[in-house]
Amino acid sequence: MKNTGLAGRIAKAVKPHGELITAVFFDVDEGEEILRNGPDDIYVLDIVLLYATEPDFNAAALAANKAKEVIEDAFRTKLFDNQSKKWRNIELRYVDTISEEALSYRQFTLMKPWRIEHISLGADPQQPILAE
(Lines give C-alpha, C1' and ligand atoms only; values in the text may rest on other atoms or scores of the structure.)
Protein backbone atom coordinates (compact mmCIF):
# COMPACT_ATOMS: atom_id res chain seq x y z
CA MET A 1 0.00 0.00 0.00
CA LYS A 2 2.96 2.30 0.50
CA ASN A 3 3.64 2.38 -3.25
CA THR A 4 0.09 3.51 -4.01
CA GLY A 5 0.01 6.46 -1.63
CA LEU A 6 -3.08 5.02 0.02
CA ALA A 7 -1.50 4.78 3.47
CA GLY A 8 -1.21 8.56 3.44
CA ARG A 9 -4.77 8.96 2.19
CA ILE A 10 -6.07 6.75 5.01
CA ALA A 11 -4.05 8.76 7.52
CA LYS A 12 -5.47 12.02 6.13
CA ALA A 13 -9.00 10.61 6.33
CA VAL A 14 -8.63 9.59 9.97
CA LYS A 15 -6.39 12.32 11.43
CA PRO A 16 -8.90 15.22 11.47
CA HIS A 17 -11.22 13.20 13.68
CA GLY A 18 -8.78 12.90 16.60
CA GLU A 19 -10.21 10.90 19.49
CA LEU A 20 -13.45 10.09 17.66
CA ILE A 21 -11.83 7.33 15.53
CA THR A 22 -9.89 5.19 17.98
CA ALA A 23 -8.46 2.50 15.67
CA VAL A 24 -8.16 1.30 12.10
CA PHE A 25 -8.11 -2.46 11.47
CA PHE A 26 -7.16 -4.34 8.31
CA ASP A 27 -8.08 -7.84 7.23
CA VAL A 28 -5.97 -8.91 4.26
CA ASP A 29 -7.05 -12.04 2.38
CA GLU A 30 -9.27 -13.04 5.30
CA GLY A 31 -6.16 -13.62 7.41
CA GLU A 32 -4.66 -16.26 5.12
CA GLU A 33 -1.10 -16.22 3.80
CA ILE A 34 -1.43 -16.46 0.02
CA LEU A 35 1.46 -16.60 -2.43
CA ARG A 36 1.06 -14.03 -5.17
CA ASN A 37 1.57 -14.90 -8.85
CA GLY A 38 2.24 -11.42 -10.17
CA PRO A 39 0.51 -8.05 -10.26
CA ASP A 40 -2.80 -9.46 -11.51
CA ASP A 41 -3.10 -11.65 -8.42
CA ILE A 42 -4.64 -9.05 -6.14
CA TYR A 43 -4.93 -8.79 -2.39
CA VAL A 44 -8.40 -8.61 -0.85
CA LEU A 45 -8.69 -5.95 1.82
CA ASP A 46 -11.37 -5.22 4.41
CA ILE A 47 -11.04 -2.15 6.63
CA VAL A 48 -12.78 -1.46 9.93
CA LEU A 49 -12.85 1.98 11.50
CA LEU A 50 -13.43 1.78 15.25
CA TYR A 51 -15.08 4.83 16.75
CA ALA A 52 -15.57 6.08 20.29
CA THR A 53 -18.83 5.75 22.17
CA GLU A 54 -18.09 8.59 24.60
CA PRO A 55 -18.29 11.49 25.08
CA ASP A 56 -20.33 11.97 21.87
CA PHE A 57 -21.42 8.75 20.14
CA ASN A 58 -23.22 10.54 17.28
CA ALA A 59 -20.28 12.81 16.46
CA ALA A 60 -17.93 9.81 16.46
CA ALA A 61 -20.22 7.76 14.20
CA LEU A 62 -20.51 10.70 11.81
CA ALA A 63 -16.71 11.16 11.79
CA ALA A 64 -16.16 7.47 11.06
CA ASN A 65 -18.64 7.57 8.17
CA LYS A 66 -16.92 10.65 6.70
CA ALA A 67 -13.54 8.91 6.92
CA LYS A 68 -15.09 5.80 5.35
CA GLU A 69 -16.26 7.80 2.33
CA VAL A 70 -12.83 9.39 1.86
CA ILE A 71 -11.07 6.01 2.08
CA GLU A 72 -13.47 4.30 -0.34
CA ASP A 73 -13.08 7.16 -2.81
CA ALA A 74 -9.28 7.03 -2.54
CA PHE A 75 -9.22 3.29 -3.30
CA ARG A 76 -11.64 3.64 -6.23
CA THR A 77 -9.63 6.50 -7.67
CA LYS A 78 -6.24 4.81 -7.29
CA LEU A 79 -6.93 1.11 -7.81
CA PHE A 80 -10.22 0.55 -9.62
CA ASP A 81 -10.27 0.53 -13.41
CA ASN A 82 -13.67 1.79 -14.52
CA GLN A 83 -13.23 0.45 -18.07
CA SER A 84 -12.47 -3.14 -17.14
CA LYS A 85 -14.40 -2.95 -13.84
CA LYS A 86 -11.44 -4.63 -12.14
CA TRP A 87 -9.22 -3.78 -9.22
CA ARG A 88 -5.45 -3.38 -9.54
CA ASN A 89 -3.13 -4.73 -6.80
CA ILE A 90 -5.67 -4.46 -3.96
CA GLU A 91 -9.41 -5.05 -4.00
CA LEU A 92 -11.17 -3.07 -1.31
CA ARG A 93 -14.14 -5.24 -0.37
CA TYR A 94 -15.51 -2.93 2.28
CA VAL A 95 -14.86 -0.25 4.84
CA ASP A 96 -17.00 -0.80 7.92
CA THR A 97 -17.55 1.51 10.86
CA ILE A 98 -18.05 -0.10 14.26
CA SER A 99 -18.38 1.46 17.70
CA GLU A 100 -15.98 0.43 20.45
CA GLU A 101 -18.83 -1.30 22.26
CA ALA A 102 -20.02 -3.27 19.22
CA LEU A 103 -16.68 -4.80 18.12
CA SER A 104 -16.58 -8.39 19.28
CA TYR A 105 -13.45 -10.05 20.59
CA ARG A 106 -13.64 -12.55 17.72
CA GLN A 107 -13.66 -9.72 15.16
CA PHE A 108 -10.76 -8.09 16.97
CA THR A 109 -8.64 -11.25 16.83
CA LEU A 110 -9.22 -11.72 13.10
CA MET A 111 -7.93 -8.28 12.11
CA LYS A 112 -4.61 -6.49 12.25
CA PRO A 113 -4.47 -3.01 13.76
CA TRP A 114 -3.01 -0.39 11.45
CA ARG A 115 -0.30 1.36 13.38
CA ILE A 116 -1.41 4.97 13.45
CA GLU A 117 0.99 6.18 16.16
CA HIS A 118 2.49 8.72 13.79
CA ILE A 119 -0.97 10.23 13.44
CA SER A 120 -1.73 10.05 17.15
CA LEU A 121 1.61 11.46 18.23
CA GLY A 122 1.62 14.13 15.54
CA ALA A 123 -1.87 15.38 16.27
CA ASP A 124 -2.46 18.55 18.18
CA PRO A 125 -3.52 17.84 20.83
CA GLN A 126 -1.81 14.46 21.01
CA GLN A 127 -4.34 11.60 20.71
CA PRO A 128 -4.39 8.39 22.78
CA ILE A 129 -2.96 5.21 21.27
CA LEU A 130 -4.97 1.97 21.25
CA ALA A 131 -3.51 -0.52 23.71
CA GLU A 132 -2.69 -3.96 22.39
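The model is predicted, so local features need pLDDT of at least 70 and side-chain atom pairs count only at pLDDT 80 or more, while totals for chains, interfaces and linings use all residues. Residues are numbered from 1 along each chain as its sequence is written, and side-chain values use heavy atoms, with hydrogens and water left out.

Let's start with the whole protein chain. It has four helices and six strands, where helices (H or I, at least four residues) and strands (E, at least two) are DSSP runs numbered from the N terminus. Of contacts (heavy atoms within 4.5 Å) between residues at least 6 apart in sequence, 68% join residues at least 24 apart.

How much of the chain is buried? Of its 132 residues, 37% are, buried meaning under 20% relative accessible area, exposed over 50% and partly exposed in between (1.4 Å probe, protein chains only).

Now zoom in on strand β2, residues 43–51. Seven of its nine residues are buried, so the rest of the structure largely encloses this strand.

Which strands pair with β2? Two strands count as paired if DSSP finds at least two bridges between them. Strand β1 (residues 21–28) pairs with β2 in the antiparallel sense over seven bridges; there, A23 has L50 of β2 as its bridge partner. Strand β5 (residues 90–99) pairs with β2 in the parallel sense, over nine bridges, and T97 in β5 is the bridge partner of L49.
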